[in-house]
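Please keep the sequence and the model at hand while reading.

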Amino acid sequence: MSIIIGLSLLAFITSGMLVSLEYPELKGFNFCGSFSISIELTALMLALVIYIASFITEIVHFGIDAVNYG
C-alpha cells in the first residue's frame, strides 16, 4: 500500500503540484481564493479510493464466509 501512495505522491509532485492554498477574500458578492484541487488529482484519488475499497470489501466478505454456521 505504501508503494501505491508513494508512487501517486511522486507523480503529483513531479506533475507540478496543482494544489494551492490561499485565504478566501470577499470580492463583490462572491468569495475568491481558497483551497483548489486539480481535476486530475481528484480523479486519481477517487480511483484509488474505489480500488482500495474493493479489496477491503473482499477481505470482509471472505472473513464472514470463513465463520462456520452455528
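## The largest pocket

The largest pocket has a volume of about 180 Å³, a volume being the space filled by probe spheres set on grid points that are joined across faces, edges and corners. A pocket here is an open set of points on a 1 Å grid over the protein atoms alone, where a 1.4 Å probe fits, with protein on both sides within 12 Å along at least five of seven lines, and lining residues have an atom within 4 Å of a point. The lining comprises 12 residues, and Ile5, Ser8, Leu9, Met45 and Leu48 lie nearest the centre of the pocket. Both α1 and α2 supply at least two residues of this lining, with α2 giving the most, 6 residues.

## Basis of the model

The model is predicted, with local features needing pLDDT of at least 70 and side-chain atom pairs counting only at pLDDT 80 or more, while totals for chains, interfaces and linings use all residues. Residues are numbered from 1 along each chain as its sequence is written, and side-chain values use heavy atoms, with hydrogens and water left out.

## Fold and burial

The chain has 2 helices and 2 strands, arranged along the sequence as α-β-β-α; these are DSSP runs numbered from the N terminus (helices H or I, at least four residues; strands E, at least two). Of its 70 residues, 7% count as buried, where buried means under 20% relative accessible area, exposed over 50% and partly exposed in between, with a 1.4 Å probe and protein chains only.

Being 4 residues apart in helix α2 (residues 39-65), Tyr51 and Phe55 are separated by about one helical turn. Tyr51 is partly exposed at 44% relative accessibility, and Phe55 is likewise partly exposed, at 46%.
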